Amino acid sequence: MNNFHSLPTEDVFKLLKTQSSGLLTEEVELRLKKYGPNKLPDEKKLPLFVLFLRQFKNPLIYILFSAFVISFFTDHYVDAGIILVVILISSVVGFFQEYKANNALEQLKKLVHYKAKVRREGKEVIIPQENVVPGDIVLLMPGDKIPGDGRLIKADNFEVVEASLTGESVPSKKEIRAFEKETPLADRENMVYLGTVVAKGKAEAVIVSTGEKTELGIVAKLVKTAEDSETPLQRQIASFGKMLGIFLVVVNIIIFAVGIITGKPLFEMFLTSVAVVVAAVPEGLLPAMTIILAIGMQKLAKHNGLVRKMLAAETLGSVSVICSDKTGTLTKGEMRVVQIITDSTQVSHDGEKFTETVPINEKASHVTALKIGFLSNNAIVENPNDGFEDWNIVSDSTEKALFLIGYSAGFRKEELEKNEPRIAEIPFDSEYKIMATLHDRKDEKSVTYLKGAPERILDYCSDIDTNGTKKTLTQEKIKEIFRQNKKLTSKGLRVIAVAYKDNDNVIASEDFKRGSLEGFVFVGLVGIKDPLRKEAKETIKQCQAAGIRPIIVTGDHKLTTMAIVSELGMKVDEDNVMEGSQLDLLTDEELQNRVRKMVIFARVEPKHKIRIVSALQKNGESVAMTGDGVNDAPALKKADIGVAVGSGTDVAKEVADLILLDDNFSTILKAVKRGRDTFNNIRKVILYLVTDGFTEIVLVGGSVILGLPLPILPVQILWIKLAESAMPAMALAFDEIDEQVMKDPPRNKNEPIVNKQMKKLIVFYALVMDITLFLLFIAFWKKTGSFDLARTITFVGLGLSSFFYIFAVRGLRIPVYKINPFSNKFLLLSIFSGLVLLLVAVYVPFFNSILHTVPLGLKEWLVLLAFASFSLVVYEIGKKFTLAKT
């Protein structure tokens, strides 16, 4: 690509074979054929059947399908049917949740067709943006969207908002001189870029690139080439499914082989092995996990968070680093007056509402400063009949800030201009850096208001205002003003000065010239910046308390960003700040090492953001990238989870996993908490189901290996699974137990979903309860001589105990006595349904013959209730010595 920013305009014309009068029609047609339409390729929408098939890409589905096949070909049609229904329901729920989220995004997008004003064959014409070609001369006015990347050839007080591309909230002030070849993208002030917006002034530019060749097009290509990261939950579920599959195969081979060696019937051992496999497969996990993630999506939507991918509802909970572009995310994305310094007062302002009203003291110097900024101002409200919050104000960012604070202080332009109508104006000029307006006082006198760069304003002043009293502007006062100005600029503020001059007569407009300006009264300095969102500082503090490391990744200037980061309460110095130009000098390995202590990356481009995310991921971090601009999109896609703000660009929203509809940074914190709660609930379901399955494996496997009679039959195992597996597990999805998850550090994304502590708890519970239950089986068998009665005790004991210890599972680190047992109505209903199935199996004669059960008396039920209660105690003891330490 040619470095057009480093070339004089004459060389640009030669390279592009064009001229100031524009291209000829024949040449335009040739270039349209050569370069193609000036548009980016449309993102292909995922077909619905592909979206549906994507739901089956899950190791648990594979295990469930294997269990379905085994059940079907061994004539266990009821179990096969249940497993198939589970697979289909889970996939359909996941499909509709993702479809709804993607459809909601489509509704957010606005279809707008842009036009461009160009000069061709010496005539100015308006054409569709798609028809703009390299070499076209475009004419730019305030409000225009730039139709392509261009080199400026004329610029009159011209400013462009480039936040969507560079991340800078302050409009870029443009000029036409050539710049150094190495000048970073954000500092090429003689260039304009596709998709950015004209804020002020007029200009002409020669288009140097269109479509995919523009900076925006390059970003779009980066988005396509950036790979979608597999989420931590996807990796953990895949690992869990693989380990579970291997475990079941090995265990069942052992059980089957030992059974045959010890003389048990071949068909009985085959059925037992099948029953153990089907019993151990946690088919309740898939629908429960789907429901948990769907509930997470819905609850986030209520907090203005649109989750586009179901797994993202959990992934935020594992985030250890948030890379945030400050503009529009941590800050409001537009300039506001935050400080006024005069000879008598210093007034700080939060950028929201002015607390004083003008009638308090109209002569106060800071009130005079507000009045000058409000009257010497060309801001226009396009929709004055709408509410103040909905106003669309046409102006540059500085004048808008001055207008808003003046209005909030109580000034009304119509009233002020009735008393002091404007006679003449000296427009702001980038060379002289001042603006002056002349106003009639209707008493044969007039007043001149002046605003601009402090060093220029002071050149015109001889006095200083102190609450309406004029005093001589001494050298000491001037030094103090410069000291205050330096202090404000070091905080990242844009500073302007204001002054006035009372004229003894009405000056004719033709005599009002820059050369006649002298003898002004200096009023004060006005500090303007893009202020923090109200909740940003507290949110950053809470993120740090939750072990999440925020990193600011922005296209803005280093000093401005450092000031904002300091205001957020984060410690920052030169050692933990890096600019894009410095990053370019580092290898990937060096960046991976340096990124560990970085707080700010400033003046970065899209390619840098992807490298930063990659370096963090190589260090084992789970990375969330937040942003709103086109420049954020590739990194949003590369990150473990991409978070786009609702007011951001469509490109950013298309690749994001989560969209903040209210642009509120605190919504991210709510999403992180919801993500951690979601993962906790998934772990509870797994803990419940795996404990249940492992208990049955140990009970059956232990009896086979020891050469003892089977304490429970295959058909009884399958009936228990029907009673106490899927329904109670899915009910856990609706739990809302506050386990203070935001006080924990982020979990290691490589940590297995069933960690060591959970394994210890499962083994401890299974051994204690299985030994106890087996002893009950032996005791009843020896006492009564009835295998059916003894096996009925084992059968009911397994089912009943699971209905008790599930209450302990509800709180991973909270004792059961601190949890309201009636807060989850779905759980109570599922337990009631399970109990009914157990009672049917025990007391209905038809099922007695099928399941080989017998009716139980009061004494047996008392023993079983004691056993079930003991299971709750054992589980709580296990929690105390395992999970409580995590």
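A residue counts as buried under 20% relative accessible area, as exposed over 50%, and as partly exposed in between, with a 1.4 Å probe and protein chains only. The structure is a predicted model, in which local features need pLDDT of at least 70, side-chain atom pairs count only at pLDDT 80 or more, and totals for chains, interfaces and linings use all residues. Residues are numbered from 1 along each chain as its sequence is written, and side-chain values use heavy atoms, with hydrogens and water left out.

The protein chain has 886 residues, of which 56% are buried. It holds 31 helices and 26 strands. These elements are DSSP runs numbered from the N terminus (helices: H or I, at least four residues; strands: E, at least two). Contact means heavy atoms within 4.5 Å. Among contacts with a separation of 6 or more, 73% join residues 24 or more positions apart.

Aromatic contacts come next. A pair of aromatic rings is described by the distance of the centres and the angle of the planes. Rings of Phe, Tyr and Trp (its six-membered ring) pair if their centres lie within 6.5 Å; planes under 30 degrees apart count as stacked, over 60 as edge-to-face and the rest as tilted. The structure holds 17 aromatic pairs. One of them is the stacked pair F777 and W781, at 6.2 Å centre to centre and 25 degrees between the planes. Both residues lie in helix α27 (residues 756-784); they are 4 residues apart, so about one helical turn separates them. F777 and W781 are buried. W781 also stacks with F787, at 4.7 Å centre to centre and 20 degrees between the planes. F787 is partly exposed because its relative accessibility is 29%. Elsewhere, ring pairs link F374, W391, F403, Y407 and F411 into a cluster.

Helix packing is illustrated by α25 (residues 714-724) and α29 (residues 825-843). Their axes are 8 Å apart and form an angle of about 150 degrees. Axes are lines fitted to C-alpha atoms, for helices over the stretch in contact, and angles run from 0 to 180 degrees between N-to-C directions. Helices α25 and α29 are therefore roughly antiparallel. The cut-offs are under 35 degrees for roughly parallel, over 145 for roughly antiparallel and 65 to 115 for roughly perpendicular, with the rest oblique. W719, L722 and A723 of α25 meet G834, L837, L838 and A841 of α29. This contact comprises 6 nonpolar residues, 1 polar residue and no charged residues. Ala, Val, Leu, Ile, Met, Phe, Trp, Tyr, Cys and Pro count as nonpolar, Asp, Glu, Lys and Arg as charged, and the others, Gly among them, as polar.

L450 lies in strand β16 (residues 446-452). Its relative accessibility is 0%, so L450 is buried. L450 and I372 are 78 residues apart in sequence, yet 7.4 Å apart in space, C-alpha to C-alpha. F158 belongs to strand β4 (residues 149-161). With a relative accessible area of 2%, F158 is buried. Among the residues that F158 touches beyond four places in sequence are L140, V192 and K200. F158 and D396 are 238 residues apart in sequence and 9.9 Å apart in space, C-alpha to C-alpha. T398 is found in helix α13 (residues 397-408). T398 is buried, at 12% relative accessibility. Leaving aside neighbours within four places, T398 is in contact with R494, I496 and I528.

Helix α18 (residues 558-567) has T561, M562, A563, I564 and V565 as its buried residues. Their cover includes α16 (475-490), β21 (549-553), β22 (577-579) and β23. Just after α18, G569 takes a positive phi of about 95 degrees.

Positive phi also occurs in residues other than glycine. R603 has a phi near 55 degrees. R603 sits in the loop between β23 (600-602) and α21 (606-618). Its relative accessible area is 9%, so R603 is buried. K17 has a positive phi of about 50 degrees. K17 lies in the loop between α1 (9-16) and α2 (25-35). K17 is exposed, at 69% relative accessibility.
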